[in-house]
Amino acid sequence: MEVNVLSAFVFAFFATAAFGVLFQAPKKTLVSSGVIGAVGWVLFVLLRHQLGYNSFHANFFAAVVIALCSEWSARLFRQPATVFVIPGIIPLVPGLGMYQGMTQIIEKNYELGTATLLTACTDSAAIALGMMVMTSVFRVLKIGKERKQRLQRLKNAGRHN
């Protein structure tokens, strides 16, 4: 399947920025959020359709990149990371899979509906897992940095006494 990366980027950018507006994110963060969501979506599309990764892995790696970029942007803009993460994951959310799965079940095609819903649920889990991994890494790094600063302050206080 041939993918137009530029159009995927542009549409994901506007979708992400629009959700940023909908969630009342600060105006100064909308462009960054849009870029984060677009980069995540393009990565997902490339992994899924160009490199042949399954949807779980493509969603996981895209969510990791979105969370990483969101953490960096949070420090750059001095905002909470959720201001960037929530709009950023919107293009990845498997809403179509949920809709199609429910439609299949309503039409009494239980096997296909269940399989489609299960795929959508595992994709959602991959997104959550990817975000959790990156957030945990940044939290550990932050705690380590704060601990180092506290130890340095204690050493400095000991020298002055």
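**Pockets and backbone**

Tutor: The largest pocket has a volume of about 460 Å³. Bear in mind that the model is predicted.

Student: Which residues are closest to the centre of that largest pocket?

Tutor: Glu71, Arg75, Phe138, Arg139 and Lys142 are the closest, out of 15 residues that line the largest pocket.

Student: And which helices supply at least two residues of its lining?

Tutor: Helix H3 (55–77), helix H4 (82–89) and helix H6 (110–160) each do. H6 has the largest share of the lining, with nine residues.

Student: What's the lining of the largest pocket like by class?

Tutor: It has six nonpolar, six charged and three polar residues.

Student: What lines the second largest pocket, and which residues lie nearest its centre?

Tutor: There are 21 lining residues, and Phe44, Ser55, Pro94, Gly97 and Asp123 lie nearest the centre of the second largest pocket. Helix H2 (30–50), H3, helix H5 (95–106) and H6 each give two or more residues to that lining.

Student: Which of them gives the most?

Tutor: H2, with five residues in the lining of the second largest pocket.

Student: How many charged residues are in that lining?

Tutor: Two; the lining of the second largest pocket also has eleven nonpolar and eight polar residues.

Student: Switching to single residues. Where is Gly40, and is it buried or exposed?

Tutor: Gly40 sits in helix H2. It counts as buried because its relative accessible area is 0%, and buried means under 20%.

Student: What does Gly40 touch, leaving out residues up to four places away in sequence?

Tutor: Gly40 touches Ala62, Ile66 and Leu92.

Student: How far apart are the C-alpha atoms of Gly40 and Ala126?

Tutor: They are separated by 13 Å, and the two residues are 86 residues apart along the chain.

Student: Now the backbone. What is phi for Arg78?

Tutor: Arg78 has a positive phi of about 55°, although it is not a glycine. Most residues other than glycine have a negative phi.

Student: Where is Arg78 found, and is it buried or exposed?

Tutor: Arg78 is in the loop between H3 and H4. It counts as exposed because its relative accessibility is 76%, and exposed means over 50%.

Student: What about phi of Lys108?

Tutor: Phi of Lys108 is near 65°, again a positive value in a residue other than glycine. Lys108 lies in the loop between H5 and H6, and at 60% relative accessibility Lys108 counts as exposed.

Definitions and conventions: Residues numbered from 1 in each chain as written. Predicted model: local features only at pLDDT ≥ 70, side-chain atom pairs only at ≥ 80, totals over all residues. Heavy atoms only, no water. 1 Å grid on protein atoms, 1.4 Å probe; cavity = no way out; pocket = protein on both sides within 12 Å on 5 of 7 lines; lining within 4 Å. Points joined across faces, edges and corners; volume = space filled by probe spheres on them. Helix = DSSP H or I, 4+ residues; strand = E, 2+ residues; numbered from the N terminus. Nonpolar A, V, L, I, M, F, W, Y, C, P; charged D, E, K, R; others polar. Buried < 20%, exposed > 50% of the residue type's maximum accessible area, 1.4 Å probe, protein only. Contact = heavy atoms within 4.5 Å.
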